[in-house]
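Please read them with the coordinates open.

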Amino acid sequence: MRRFVVAFPSTAAASKVDLHNLADGGRFDLVARCAMTGLLTSHGIRSDTVLELHLGGPPPLTLTLDGRKVTHLHPSERAAAGLLQEALSSWYRVAPPMTVPVDTTPGITARGEDFGRLLDRLEQPIILLDESAPAHAGAMPPGTFLVGGHRGLGMADLAALAVQPQVLRVGLGPVHYHADAVLSVVHYLLDTHNGAVPGGFGGL
Ligand SMILES: C[S@@+](CC[C@H](N)C(=O)[O-])C[C@H]1O[C@@H](n2cnc3c(N)ncnc32)[C@H](O)[C@@H]1O
């Protein structure tokens, strides 16, 4: 499985997302675009990918989207935001103790957790996409890819990352990209250099 985490330290995990004003405040437009580029291909869904969207809160919360099970994820920013909002709303309805995972809509699990707890349960090594790291070419190492949202990672997130046992830093060259574009570039590198199976993605 391909595993990605995108961290949005300053985005609130609100019970209601304003679908008419996604870009305001926490940049939920970018969160929705990351869901699309992380999991969708032109004609299908990447059933080989798990995407974790971490919202810094309050409360801090992770939405885990499993490409094998997600349904109703369509290539429209508003529709994708609506699906994520549905997942958030159902987490609020259950109001579980922190860290107890809640299966919300099909293929989307919500978990109240801070960034450190999220990092602790990731497959190692954690591969941080970092603008200041040397540019990477060719096959990607196996591990979990970590990408910063519109503001990158916060100080507390970097401190939590610093105590992880295995962190690799990978750069994608001199151009600084938005998080959703980074997901596309990493998928491209994995598709072309790590042996994606042509036609191996499940249907929508
Ligand atoms: C828009 S950037 C984050 C904001 C930026 N760090 C800032 O100063 O506000 C989004 C994320 O994409 C990743 N990224 C963007 N361009 C990159 C590059 N050329 N190489 C590696 N990672 C990159 C990083 O993880 C970064 O945190």
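The points below go from the whole chain to single residues.

1. **Basis.** This is a predicted model: local features need pLDDT of at least 70, side-chain atom pairs count only at pLDDT 80 or more, and totals for chains, interfaces and linings use all residues. Residues are numbered from 1 along each chain as its sequence is written.

2. **Overall build.** The chain has five helices and eight strands. Helices (H or I, at least four residues) and strands (E, at least two) are DSSP runs, numbered from the N terminus. Their order from the N terminus is β-α-β-β-α-β-β-α-β-β-α-β-α. The radius of gyration is 16 Å, close to the 17 Å of the globule rule for 204 residues, so the chain is as compact as a globular protein of that length. That radius is taken over C-alpha atoms, and the rule is 2.2 Å times the number of residues to the power 0.38. Along the principal axes, the C-alpha atoms fill a box of roughly 45 × 40 × 30 Å.

3. Of the 204 residues, 39% count as buried. A residue is buried if 20 or more other C-beta atoms lie within 10 Å of its own, exposed if 12 or fewer, and partly exposed in between; C-beta atoms are placed from the backbone. Two residues are in contact if their C-beta atoms, placed from the backbone, lie within 7 Å. Among contacts between residues at least 6 apart in sequence, 68% join residues at least 24 apart.

4. **The sheet.** Eight strands form an open sheet with mixed pairing, in the order β4-β5-β3-β2-β1-β7-β6-β8. The edges are β4 and β8, each of which pairs on one side only. Two strands pair if DSSP finds at least two bridges between them. Strand β1 (residues 2–8) pairs with β7 in the parallel sense over five bridges. There, Phe4 stands opposite Phe145 of β7.

5. **Strand β6.** Which residues cover the two faces of β6 (residues 126–129)? Ile126 and Leu128 lie on one side, Ile127 and Leu129 on the other, and all are buried. Three bridges join β6 to β7, in parallel. Four join β6 to β8 (residues 167–170), also running parallel. Leu128 stands opposite Leu146 in β7, while Ile127 has Leu168 in β8 as its bridge partner.

6. **Helix α2.** The 18 residues of α2 (residues 77–94) should span 26 Å at 1.5 Å a residue, and the end C-alpha atoms are 26 Å apart, which agrees. The expected span is 1.5 Å times one less than the number of residues. Buried residues in α2 are Ala80, Ala81, Leu83, Leu84, Gln85, Ala87, Leu88 and Trp91. They pack against α1 (28–39), β3 (61–66), β4 (102–103) and β5 (108–112).

7. **Leu61.** This residue is in β3. Leu61 is buried because 25 other C-beta atoms lie within 10 Å. Leaving aside neighbours within four places in sequence, Leu61 is in contact with Ala13, Leu55, Trp91, Ala110, Arg111 and Gly112.

8. **Backbone to check.** Most residues other than glycine have a negative phi, and most peptide bonds are trans. The bond joining Gly57 and Pro58 is cis, with omega about 5°. The bond from Pro58 to Pro59 is cis, with omega near -10°. Pro58 lies in the loop between β2 (49–55) and β3. Arg27, in the loop between β1 and α1, has a positive phi near 55°. Arg27 counts as partly exposed because it has 19 C-beta neighbours inside 10 Å. Just after α2, Ala95 takes a positive phi of about 45°. Ala95 counts as exposed, with 8 C-beta neighbours inside 10 Å.

9. **Ligand shell.** How many residues surround the ligand? There are 17, and the closest are Leu129, Gly148, Gly152, Leu172 and Tyr177. A residue is near a molecule if its C-beta atom, placed from the backbone, lies within 6 Å of it. Elements β7 (144–148) and α5 (179–193) each supply at least two residues of the shell. The shell divides into seven nonpolar, seven polar and three charged residues. Here Ala, Val, Leu, Ile, Met, Phe, Trp, Tyr, Cys and Pro count as nonpolar, Asp, Glu, Lys and Arg as charged, and the others, Gly among them, as polar.
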